[in-house]
Amino acid sequence: MIRTFRSLPDPSALAADLGPRYGLTFVHCELRRTLVNDVYELATADARYVLKLYLYGRREADEIRWETGLSEHLRAAGVRTTEAVPLLDGDTVGLLETPEGPRPFTLLRYVEGSTPKPPFTDELYDAFGRQVAAFHEAAENYTSPYFRPPAEDVEQALEQILAVDGTEENLLRSLVAAVRNNLAQYSKAGTCHGDVSMDNVLLTPQGLLLLDFDLAATGPLAADFCGVATTPHWAAFKAGYRTRRELTAEDEAAIPSLQIVGRILNLRFHVVDKPRYRGTESRGEGWAAAEYDGLRALHSKLPGNVERT
């Protein structure tokens, strides 16, 4: 048999395999999304669940146990988030044997709610700021017996990009050097969510619920502000955040450099990672080009630079 990079389990076979391992009788299973991970919705006669099946080789099982432990810690602290369902042996992470090798998975209880849609409001972002502050506050004292690597290194990402696409080497090296210098004095680190955006919250009758800790790791806390800082609702988010936790001038000063880091990591995803399972044609979908445009714009704002045409 030829080596397989990525298989896609059949929903009915998946339900039959997992049911006895959870002590549940699944009567329905469907594939909801496939990109970095595969996401399935399963149901018993009286409950719904979400299965997250990780790409082979992307995360070790213990790294995901760190993630599910973080969710449990947050819930115990009163932060609304998803709940992992344990297997019959009590573990929150299982392994599914696939042609490419064992793939870790977690099962989450389904939460009724909706992803916020534009037009967004200051009121929504105020609540979002409070939720992120609650996350940072609770995660501050999170410890785990399991190891999770810290936030990704931008210099390693740079070399991975250049190994595939060296067309903007001077731009990227200049940006990484600026980031290295500008962040040298920023030392406020902690457990970051890693992807703070409206895509990762649910509107529920009980309020906002925070989703998806796939990118959570130890890193600069201000990285969690990079996306919302580009919206018209940044002031409302800050006001909500500051009802629970300090957001300093130092945090705000670090955001432009951390936005560069975020864009380079996103560029690495679209140039290096995604083509492995979506094909090299995916580089032409426009996502990488948009990241390059964004990086050029950020480069033009660095001291001593002018906008490139």
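User: Hi! Where is Pro119 found?

Analyst: Hello! This is a predicted model, and in it Pro119 is found in the loop between E5 and H3.

User: What is the peptide bond from Pro118 to Pro119, cis or trans?

Analyst: That bond is cis, with omega near 0°.

User: And where does Pro116 lie?

Analyst: Pro116 lies in the loop between strand E5 (101-109) and H3.

User: Is Pro116 buried or exposed?

Analyst: Pro116 has a relative accessible area of 5%. The cut-off for buried is under 20%, so Pro116 counts as buried.

User: Which residues does Pro116 touch?

Analyst: Leaving out residues up to four places away in sequence, Pro116 touches Leu124, Met198, Val201 and Leu203. There is also Leu202, which is 86 residues from Pro116 in sequence, with 6.8 Å between their C-alpha atoms.

User: Nice. Switching to backbone angles, what is phi of Asp212 near?

Analyst: Phi of Asp212 is near 60°, a positive value in a residue other than glycine. Asp212 sits in the loop between strand E8 (207-210) and strand E9 (217-220).

User: On to helices. Why is H6 largely enclosed by the rest of the structure?

Analyst: Helix H6 covers residues 234-241, and six of its eight residues are buried, so the rest of the structure largely encloses H6. The buried ones are Trp234, Ala236, Phe237, Lys238, Gly240 and Tyr241.

User: What do the buried residues of H6 pack against?

Analyst: They pack against two helices, H3 (122-139) and H7 (249-278).

User: How would you describe two packed helices?

Analyst: By the angle between their axes and the distance between the axes. The axes of H3 and H6 come within 7 Å and cross at roughly 45°. That angle makes H3 oblique to H6.

User: Which hand is the crossing of H3 and H6, left or right?

Analyst: The crossing of H3 and H6 is right-handed. From H3, the contact is made by Asp122, Tyr125, Asp126, Phe128, Gly129, Arg130, Val132, Ala133 and His136, and from H6 by Ala236, Phe237, Ala239, Gly240 and Tyr241.

User: How do the residues of that contact of H3 with H6 divide?

Analyst: They divide into eight nonpolar, three polar and three charged.

User: H3 meets H2 as well, I gather. At what angle do the axes of H2 and H3 cross?

Analyst: The axes of H2 and H3 cross at roughly 105° and come within 10 Å. These two helices are therefore roughly perpendicular to each other.

User: Which residues meet there, in H2 and H3?

Analyst: Leu70, His73 and Leu74 in H2 meet Phe135, Ala138 and Ala139 in H3. That contact of H2 with H3 has five nonpolar residues, one polar and no charged.

User: Tell me more about Leu70. Buried or exposed?

Analyst: Leu70 lies in helix H2 (residues 61-76). Its relative accessible area is 0%, so Leu70 is buried.

User: What does Leu70 touch?

Analyst: Not counting residues up to four places away in sequence, Leu70 touches Phe135, Ala139, Tyr142, Thr191, Phe213 and Ala216. As for Ala134, its C-alpha is 13 Å from that of Leu70, and the two are 64 residues apart in sequence.

User: Last topic: H8. How far apart are its end C-alpha atoms?

Analyst: The end C-alpha atoms of H8 (residues 287-300) are 20 Å apart. Its 14 residues should span 20 Å at 1.5 Å a residue, so the two values agree.

User: Which residues of H8 are buried?

Analyst: Ala288, Glu291, Tyr292, Gly294, Leu295, Leu298, His299 and Ser300 are the buried residues of H8. These pack against helix H4 (154-164), helix H5 (169-182) and H7.

User: And how do H5 and H8 pack?

Analyst: H5 and H8 pack at an angle of about 55°, and their axes are 10 Å apart. That makes H5 oblique to H8. H5 passes H8 in a left-handed crossing.

User: Which residues meet in H5 and H8?

Analyst: Leu171, Leu172, Ser174 and Leu175 in H5 meet Tyr292, Leu295, Arg296 and His299 in H8. The contact of H5 with H8 divides into five nonpolar residues, two polar and one charged.

Conventions: Residues numbered from 1 in each chain as written. Predicted model: local features only at pLDDT ≥ 70, side-chain atom pairs only at ≥ 80, totals over all residues. Heavy atoms only, no water. Buried < 20%, exposed > 50% of the residue type's maximum accessible area, 1.4 Å probe, protein only. Helix = DSSP H or I, 4+ residues; strand = E, 2+ residues; numbered from the N terminus. Contact = heavy atoms within 4.5 Å. Expected span 1.5 Å × (residues − 1). Axes fitted to C-alpha atoms, helices over the stretch in contact; angles between N-to-C directions. Parallel < 35°, antiparallel > 145°, perpendicular 65-115°, else oblique. Left-handed = near helix turned anticlockwise from the far one by under 90°. Nonpolar A, V, L, I, M, F, W, Y, C, P; charged D, E, K, R; others polar.
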